[in-house]
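Hi everyone, thanks for making the time this morning. I'd like to walk you through a structure that may be new to you. Please take a look at it on the screen, and then we'll go through it together.

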Amino acid sequence: MDTTPVAPHSLQQTPDDEHLDRAFQSFVSYRFRLSDIDSHTVFGLIYTDMALLDIVIAPHPVLRSPCQPVSTFDSQLHKLLDNMYESMVASNGIGLAAPQVAVSQMVAVIDVSSDAVEQPKIMSLADIDPAQHIYDKRLEIINPKITQSKERVSSEEGCLSIPDYRDTISRFFTVTVEAQDRYGRPFSATAVDYLAFAVQHEVDHLHGILFVDHLSRLKKTLFKRWSMKNLGSDTV
Ligand SMILES: [Zn+2]
């Protein structure tokens with residue numbers, strides 16, 4: 001999911017942010033040329049070995065395939081999560097699902113650092129302290145299931161896999177998601193507002209559903225025209 005107009009102006013990119021993004025991306029490439037070991041020191045700072053992944057653009061079959069559940073919570077999964085997070089940030093997104101980086105597994109990351117997802121982000125957590133599920137201001141949901149949802153509202157959304165298209169759809173304002181963290185520990189979180197929309201958007205991805213599937217019939221017709229022109233296909 002990308003940033004949406006419901007976000008405060010502070011979230012919008014300024015030329016400075018763009019400059020920083022470019023600088024960050026070139027630094028990441030530079031870092032990768034330096035070494036392929038797991039972690040290393042550059043200019044006195046320790047970095048883990050992360051890579052920016054290519055975001056899959058619709059239409060692509062991986063975006064339409066239901067994902068496989070994750071059963072192994074190992075370093076490979078952690079690396080995927082870290083790389084997905086970096087790729088999401090570099091693309092100015094606030095959520096990213098594994099099929100969007102061509103991995104058909106039930107894994108998604110959501111940025112919870114922005115003002116748009118201000119408190120209460122996580123209203124209740126069963127089992128474990130919420131802090132244990134948020135790494136560096138990210139929420140990681142593995143094998144997620146939405147178990148409760150309340151109150152339909154309009155939500156304007158975009159998707160990194162359908163660049164430059166935004167539209168308003170209907171979403172639940174409050175959802176409870178049951179998932180596992182990167183170590184396989186089960187947790188349950190109730191999200192509201194912007195975070196709830198992001199959770200629904202990302203969980204949809206894991207079932208091969210794109211946000212444009214929720215458009216009204218009239219809007220779908222308009223989207224098909226847009227899609228033909230911009231993505232070279234009237235079906236995504
Ligand atoms: Zn998306």
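Let me begin with one term: a residue counts as buried if 20 or more other C-beta atoms lie within 10 Å of its own. Please also keep in mind that this is a predicted model.

With that term in hand, let's go to strand 4.

Now let me step back to the whole chain. There are five helices and eight strands, and along the sequence they follow the pattern α-β-β-α-α-β-β-β-β-β-β-α-α. Of the 236 residues, 32% count as buried. If you take the contacts between residues at least 6 apart in sequence, 71% of them join residues at least 24 apart.

So who sits beside strand 4? On one hand, strand 3 pairs with strand 4 in the antiparallel sense over three bridges, and there Ala 97 stands opposite Ala 108. On the other hand, strand 4 and strand 6 are also antiparallel, with five bridges between them. In that pairing, Val 107 has Ile 142 of strand 6 as its bridge partner.

Let me zoom in on Val 109. Which residues is Val 109 in contact with, leaving aside its neighbours within four places in sequence? They are Leu 81, Met 84, Tyr 85, Met 88, Gly 95, Leu 96, Arg 138 and Glu 140.

Several of those names come back in helix 3. Its buried residues include Leu 81, Met 84, Tyr 85 and Met 88. Helix 3 has 16 residues and reaches 22 Å between its end C-alpha atoms, close to the 22 Å expected. After helix 3 comes Asn 92, with a positive phi near 65 degrees.

In soluble globular proteins, nonpolar side chains tend to be buried together. Here, the largest nonpolar core has 41 residues, and those touching the most other members are Met 84, Ala 108, Val 109, Ile 110, Leu 195, Ala 198 and Val 199. Elements giving two or more residues to this core include helix 3, strand 4, strand 6 and helix 4. Which element gives the largest share? That is helix 4, with eight residues.

Let's stay with helix 4 for a moment. Because 13 of its 14 residues are buried, helix 4 is largely enclosed by the rest of the structure. Its end C-alpha atoms are 21 Å apart, which agrees with the 20 Å that 14 residues should span at 1.5 Å a residue. Just after this helix, Gly 208 takes a positive phi of about 75 degrees.

Next, a hairpin. Strand 7 and strand 8 pair in the antiparallel sense over seven bridges, and Val 175 has Ala 191 of strand 8 as its bridge partner. Five residues lie between the two strands, and in this hairpin Gly 184 takes a positive phi near 85 degrees.

Last stop: helix 5, residues 217-231. Helix 5 reaches 20 Å from its first C-alpha to its last, close to the 21 Å expected, and Gly 232 follows with a positive phi near 75 degrees.

Notes: Residues numbered from 1 in each chain as written. Predicted model: local features only at pLDDT ≥ 70, side-chain atom pairs only at ≥ 80, totals over all residues. Helix = DSSP H or I, 4+ residues; strand = E, 2+ residues; numbered from the N terminus. Expected span 1.5 Å × (residues − 1). Core = buried A, V, L, I, M, F, W, Y, C linked by C-beta atoms within 7 Å. Buried ≥ 20, exposed ≤ 12 C-beta atoms within 10 Å, placed from the backbone. Contact = placed C-beta atoms within 7 Å. Pairing = 2+ DSSP bridges.
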